Amino acid sequence: SQMAFASSQSESEGFVEGSSLTILNRNLYMNRDFRDDATQSYREEWGHGFIGTFESGFTQGTVGVGVDAIGLLGVKLDTGRGRQGNGIFPAVQGDEHVADDYSQAGAAVKLRISNTVLKYGTQFVALPVFSTDDSRLLPETAEGGLISSSEIEGLELNAGRFTALRMV
């Protein structure tokens with residue numbers, strides 16, 4: 001194996017210069033008809049989600065430092081009058097009502113040396129053995145630490161320990 005010659009940290013643009021902010025808008029409508037269920041035969045929920053992601057660049061120097069932040073907001077557009085229950089919105093007052101809106105925020109600190117990044121905090125994860133789900137109005141987040149190394153060209157190694165999985 002041959003070591004990678006150029007390291008990502010040596011090409012660092014800086015904390016602010018390498019930053020990016022994205023906001024994803026997502027709309028979800030779910031309608032389910034349980035004709036055989038005598039208690040609640042019809043469920044319908046409609047909501048809009050805002051997924052904000054800020055990723056800083058890394059500071060220059062031997063050890064680069066950065067911060068990533070996540071902000072999630074779900075807003076109810078329509079449901080109620082006995083039609084809730086699909087699980088898009090969190091229940092309030094037992095199962096009789098759902099929240100009009102709900103949110104979550106989190107951040108992670110990250111360190112980079114050469115082509116190795118250590119990230120600890122709230123994050124989205126997409127690895128072959130562990131990943132957060134992104135199939136609902138708002139995605140899951142994981143709390144914990146992840147080390148990703150690409151020191152050897154053509155090989156990426158990941159090791160992590162996550163202590164919580166949050167579904168908003």
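I looked up the largest pocket, and about 340 Å³ of space lies in it. A pocket here is an open set of points on a 1 Å grid over the protein atoms alone, where a 1.4 Å probe fits, with protein on both sides within 12 Å along at least five of seven lines. The volume is the space filled by probe spheres set on the points.

This is a predicted model, with local features needing pLDDT of at least 70 and side-chain atom pairs pLDDT 80 or more, while totals for chains, interfaces and linings use all residues. Numbering runs from 1 along each chain, and side-chain values use heavy atoms, without hydrogens and water.

Next I checked the lining (residues with an atom within 4 Å of a point). I found 21 residues there, with Asp68, Lys119, Gln123, Phe124 and Leu146 nearest the pocket's centre. Strands E2 (42-55), E3 (63-78), E7 (116-123) and E8 (141-149) each give two or more residues to this lining. E7 gives the most, with four.

Then I went to the chain as a whole, and noted nine strands and zero helices. Strands are DSSP runs of E, at least two residues, and helices are runs of H or I, at least four.

Last, I looked at Phe15, which sits in the segment before strand E1 (20-33). Phe15 counts as partly exposed because its relative accessibility is 32%, and partly exposed means between the buried cut-off and the exposed one, over 50%.

Conventions
Buried means under 20% relative accessible area, exposed over 50%, partly exposed in between (1.4 Å probe, protein chains only).
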